[in-house]
Amino acid sequence: MKIFADYHMHPQGHKLQPYTFKLLDPWAESCFQKGVVDFCFTDHDRYREGIDFQVFDQWKQKFPTLNVRLGIERDNDPVSGHSGLIWVKENWEKLDFVLGSVHFIGDWPFDRNGFEDGFSKRPIEDIYRDYVKNLLQLIDQGFIDSVAHLDLIKIFNYRPKGKIVDYFEPVLEKIKEKDLCLEINTAGWRKPVKEQYPAEEILFKAVEMKIPISIGSDAHSWLEVGKGFSELLPLMNKLGIKEFAVFRSHTRQMVAVS
């Protein structure tokens, strides 16, 4: 069995790098080598100026055997989040897929190295509740297709008391209400938490609620394309997940794990 689609990839990484054939070629080549034949670029919306629709359309013609999609990851960045949402609205028809994510609580970038001290400033339970509030607000804004790395707040392995699913059940209900996807993100295995996003108990609840799943490696380098997918397969089998979502022009298609 194999996962053949990756819907969370950042060609620009963490800096503005305008789209060129030279930038994008290694990503397609890496996907081809790894059997990832359906993929979507989802750069952070703060780097939206680097996305050139014309260059992308010309570039993807080089790879007729690959299903190449263009998307973006929009979040609640206090500096760029609002303008990012406006950009997504204006370019919605040009995009295939939009991830929604929360990386900030107020002006605190909680998932960045060097900012971990914020977790010690107040009860972790309060931090999780604030994180969930931000997620609900983001979903209510609309213009997303799937919610990325749902429990990213656990990245440095700070966990609240009780069942983590209790914190996120309202978000799952909102995802279900809006008919969105929930992403399984393998990048958590590369972070201090050493666990996929979201946690297994959250995924069990999502499966119970029949929420569709999208899958992403959250690659910030072409070397990370599809990373963790082989390790994810046993978990998907355990959860009873036999299909996942791919997109074209925001139209969702469920495909079986090959």
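Contact here means heavy atoms within 4.5 Å. Keep that in mind, and keep in mind that this is a predicted model.

Let's start with F229. It lies in helix α7. What does F229 touch, leaving aside its neighbours within four places in sequence? The list is I3, A5, D6, T186, I215, G216 and S217. Is F229 buried or exposed? Its relative accessibility is 5%, and buried means under 20%, so F229 counts as buried. F229 and V102 are 127 residues apart along the chain, and their C-alpha atoms are separated by 23 Å.

Next, helix α6. This helix spans residues 200-208. Three of its residues, I202, L203 and A206, are buried. Where do they sit around the helix? They cover an arc of only 100° around the axis, so they are on the same side of α6. An α-helix has 3.6 residues a turn, so residues three or four places apart point the same way. What do the buried residues of α6 pack against? Their partners are α5, β6, β7 and α7. Just after α6 comes K210, with a positive phi of about 60°.

Now step back to the loop between β6 and α6. P198 is found there. The peptide bond from Y197 to P198 is cis, with omega near -10°. K194 lies in that loop too. Its phi is near 55°, a positive value in a residue other than glycine. K194 has a relative accessible area of 56%, so K194 is exposed.

Compare H250. Its place is in the loop between β8 and β9. Phi of H250 is near 65°, again positive in a residue other than glycine. But H250 counts as buried, at 15% relative accessibility.

On to a helix pair. In general, two packed helices are described by the angle between their axes and the distance between the axes. Our pair is α4, residues 124-141, and α5, residues 164-178. What is the angle at which α4 and α5 pack? About 5°, with the axes 10 Å apart. Angles under 35 degrees count as roughly parallel, so α4 and α5 are roughly parallel to each other. Which residues meet? From α4 we have E125, Y128, R129, Y131, V132, L135, L136, I139 and D140. From α5 come I164, Y167, F168, P170, V171, K174, I175 and K178. The residues of this contact divide into 12 nonpolar, no polar and five charged.

Last, the strands. β3 covers residues 67-74, and β3 and β4 pair in the parallel sense over four bridges. In one of them, R74 has G100 in β4 as its bridge partner. Strand β4 runs over residues 97-100. Which way do its residues point? F97 and L99 point one way, V98 and G100 the other way, and all are buried.

How accessible is T42? Its relative accessibility is 0%, so T42 counts as buried. Not counting residues up to four places away in sequence, T42 touches Y7, H8, M9, H10, G71, I72, E73, F97 and L99. Note F97 and L99 in that list. They are the two that point one way from β4.

Conventions:
Residues numbered from 1 in each chain as written. Predicted model: local features only at pLDDT ≥ 70, side-chain atom pairs only at ≥ 80, totals over all residues. Heavy atoms only, no water. Axes fitted to C-alpha atoms, helices over the stretch in contact; angles between N-to-C directions. Parallel < 35°, antiparallel > 145°, perpendicular 65-115°, else oblique. Nonpolar A, V, L, I, M, F, W, Y, C, P; charged D, E, K, R; others polar. Buried < 20%, exposed > 50% of the residue type's maximum accessible area, 1.4 Å probe, protein only. Arc of directions from axis to C-beta. Pairing = 2+ DSSP bridges.
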